[in-house]
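Dear colleague,

Please find the structure below, handed over for your study.

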Amino acid sequence: MADPLLKVTDLKIEATAYPPGEPPQDITIVEDISFALEKGRVLGLIGESGAGKSTIGLSAMAYGRGGVRITGGEVLVNGRDILKLGVSGLKRLRGAEVTYVAQSAAAAFNPARKIMEQVTEATLAHGRTSKRKAAARAVSLFAKLGLPDPENFGNRYPHQVSGGQLQRAMTALALCPEPELVIFDEPTTALDVTTQIDVLAAIKDAIRDTGVAALYITHDLAVVAQVSDEIMVLRDGHRIEYGAADQIINDPQEDYTRALVSVRSIDHEEKQPTDDPVMQASNVTARYKGTKFDVLHDISVALDAGQTLAVVGESGSGKSTLARVITGLLPPSRGQISFAGRRLSADLAGRSREDLRELQMIYQMADVAMNPRQTVGTIIGRPLEFYFGHRGAEKRRRVIELLDKIELGAGYIDRYPAELSGGQKQRVCIARALAAEPRLIICDEVTSALDPLVADGILKLLLELQKIENVAYLFITHDLATVRAIADSIAVMYQGRVVRYGTKSQVLSPPFDDYTDLLLSSVPEMKLGWLEEVIAHRKMESAGH
Amino acid sequence: MHPVLILVVQRIALGLLLLVAASILIFAGTMILPGDVAQSILGQSATPEALANLRAELGLNEPPVTRYFNWLFGVVQGDLGTALTNGQDIATSMGRRLSNTLFLAFWAAAVAVPLAIFLGLVAVLYRDRWPDKLISGVTLASISIPEFLIGYVLMYFVAVQLGWFSTVAMISDSMSLLEKLSVIALPVAVLTLVVLAHMMRMTRAAILNVMQSAYIETAELKGLSAFTVIFRHAFPNAIAPIVNVVMINLAYLVVGVVVIEVVFVYPGMGQYLVDHVSKRDVPVVQACGLVFAAVYIGLNMVADIVSILANPRLRHPK
């Protein structure tokens with residue numbers, strides 16, 4: 001039997017850790033990984049952050065990010081061990097036989113050079129074809145990937161095209177040298193759900209049409225199910241399960257895989273709105289200083305005590321701007337915010353300390369929302385001091401109470417944020433918000449940066465705390481699964497307007513408006529063939545119109 | 001109008017405004033110096049009548065604001081006034097000195113800037129290995145030693161012992177370019193050593209900063225050579241900080257070479273200024289101050305404009 005295109009045996013990857021105050025130590029980040037990939041097949045690598053997916057993917061190019069070293073095993077590409085190649089051998093491999101599609105195309109394209117130059121660069125550097133032919137190939141790839149005006153697309157600079165377009169251009173960049181293997185590293189993770197589906201379909205078509213083999217890395221099992229022939233589930237650098245896509249999705253053997261497949265186990269009963277909302281935004285219109293267009297148009301929403309209003313929409317729809325208006329960071333040009341029966345000052349400076357206390361925020365990036373040089377105790381203790389004047393032993397007692405509420409416990413009080421995991425950091429931020437005993441917490445994409453299982457834990461905690469504290473949440477998210485899990489009412493935003501608003505059951509039941517329909521049908525489902533169904537359905541609909 | 005053009009015009013307008021502000025400071029600064037110009041011209045034995053006459057003649061009895069504007073209008077028309085000590089037209093005598101200084105600065109820059117950037121690129125290429133450490137060590141050592149010491153040491157070994165170049169950098173109009181270059185070789189070498197480290201370190205730091213970017217990884221994964229990655233992908237994104245430090249050093253080459261000019265007896269602006277400060281020739285000091293300010297502001301303005309033009313987001317708006 002001929003050699004498979006890619007054969008990895010007993011891969012071991014190490015890195016050096018620098019724990020503070022201790023000598024550097026070697027840590028193993030990937031161990032005992034073996035797999036084989038035939039020509040034209042797609043293997044999905046799935047796992048949470050830190051599972052070693054990207055590290056394994058990059059080992060197929062014999063590349064270690066940062067201080068990462070491949071210390072054991074073999075990586076055979078077409079039968080030769082690329083770990084034994086010298087500098088010139090690696091140069092011939094990278095960008096020619098094996099290419100790479102990075103997670104964030106916006107960061108992976110050089111801002112100072114035109115797209116065409118970057119897409120054809122590897123092809124030309126490896127002398128694969130003439131400049132003219134490479135450009136022609138790039139244009140045909142642009143067309144195949146559904147980019148607008150493929151002839152001239154390459155003449156633009158990266159900042160002149162949208163994120164979704166750039167991600168497709170990245171795929172063109174990887175396919176242009178006619179490689180045998182492409183590593184896709186979370187190629188759609190940074191995109192809106194409505195954009196993701198198109199890029200996903202474009203990537204899938206391109207893989208099929210060019211017959212290239214692919215490693216597809218993602219944390220989203222529903223996405224990988226759409227493109228892979230086989231799936232390997234990873235956790236902490238070890239293989240959990242490896243099999244055909246169908247088997248992994250429909251008949252997972254391991255508990256961890258089952259947890260990934262059935263994530264979002266939350267069952268939340270919807271509460272009905274009352275006539276006495278805790279927060280009400282009436283006809284809010286707002287624009288940023290120095291700009292000439294409104295980012296919010298005539299927004300009216302209300303939120304009851306102890307309930308959750310989910311604000312959904314894609315990036316740029318005005319979700320976070322609405323939060324800025326409610327918190328007073330951006331005074332609206334028209335409309336007003338009332339809170340607990342009183343009218344809030346539009347401007348932050350005009351609000352009383354009581355207004356500030358009752359309205360707290362939790363942010364997407366927990367690690368940048370905390371001062372890295374303060375301990376958990378100081379961070380949570382600050383609002384206790386500021387709003388209630390607690391000091392000394394009294395403050396410490398309250399901090400420990402709050403730490404117990406967020407299921408961390410007193411042991412964490414003297415730790416620094418850097419010593420916490422992503423989920424723990426977000427819990428500390430929740431405790432800091434709760435410390436003020438607010439009536440409303442604005443949660444801005446609080447689970448977007450977290451792995452699914454960790455996010456699930458955070459959502460459960462938030463719901464639990466809502467029951468105890470009777471606090472209302474304004475929950476900003478682009479993730480419809482999260483919305484289903486926790487919302488009582490939903491506002492769908494699109495281009496600065498609320499296009500659909502009501503209780504969860506109203507908003508999520510047909511008949512839908514066009515945008516909500518698009519949004520709902522774009523969320524990947526955990527079943528094989530879903531992508532084809534949706535694309536076929538959309539083609540039929542647009543043909544019918 | 002193209003947004004870049006607007007930004008550039010704004011920069012230029014700001015530069016001019018700054019220059020006017022600098023001229024006010026210079027004028028006010030020389031104004032509050034102790035002593036009396038008429039007294040210093042005529043000496044201690046002058047009669048009160050003679051002093052009064054000279055004051056009236058020089059316009060010293062006018063209010064300061066009027067005198068400032070008289071001076072400013074003269075400057076705008078190219079009239080920098082006359083030197084008190086020898087009665088010569090300042091613009092004429094300074095013109096020759098300034099062109100000498102610019103000549104020296106130009107050749108020092110022509111050697112130092114490409115060399116600094118090249119060494120910076122080499123240091124990045126061999127980061128933390130011996131070439132990087134050697135370059136950093138040598139350039140830092142050269143910036144740490146006082147420039148007059150380097151000047152005398154070079155003079156002693158190269159000019160006196162080896163007899164290669166001359167110890168005195170007197171140039172005149174009758175010399176050919178080659179002769180002039182041979183004469184200024186030593187001061188150029190000293191100035192290069194003085195400004196090299198700053199520019200080289202900044203080039204290295206700016207490029208290393210860019211090397212952290214995701215697009216550098218993309219370039220590496222294309223199988224490009226290390227030099228191509230640095231030169232084609234990192235360097236264009238590091239231009240702005242590099243240009244800024246280059247311009248500050250160019251300005252130093254024009255206005256900060258007093259010591260070197262004295263050491264090598266070079267007939268430049270620095271010597272001219274020092275001579276006239278010691279003689280209390282206020283109009284010359286004012287004129288020199290204004291020219292130096294203009295050079296500083298002008299070069300930094302160029303740095304700003306290059307930074308604006310180097311930014312593709314500004315050059316090619318959506």
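A residue is called buried if 20 or more other C-beta atoms lie within 10 Å of its own, exposed if 12 or fewer, and partly exposed in between, with C-beta atoms placed from the backbone. A:Gly350 has 11 other C-beta atoms within 10 Å and is therefore exposed. This glycine, A:Gly350, lies in the loop between β15 (342-343) and α13 (353-358) of chain A; helices (H or I, at least four residues) and strands (E, at least two) are DSSP runs, numbered from the N terminus.

The model is predicted: local features need pLDDT of at least 70 and side-chain atom pairs count only at pLDDT 80 or more, while totals for chains, interfaces and linings use all residues. Residues are numbered from 1 along each chain as its sequence is written, and chains are lettered from A and ligands numbered from 1 in the order in which they are written.

Chain A also holds an open sheet of six strands with mixed pairing, in the order β16-β17-β18-β13-β19-β20; two strands pair if DSSP finds at least two bridges between them. Its edge strands, β16 (359-362) and β20 (497-503) of chain A, each pair on one side only. Within the sheet, β17 (residues 440-444) and β18 (residues 472-477) of chain A are parallel and share five bridges, and A:Cys443 stands opposite A:Phe475 in β18(A).

As for the two chains, 24 residues of chain A are in contact with 16 residues of chain B, contact meaning that C-beta atoms, placed from the backbone, lie within 7 Å.

Yours sincerely
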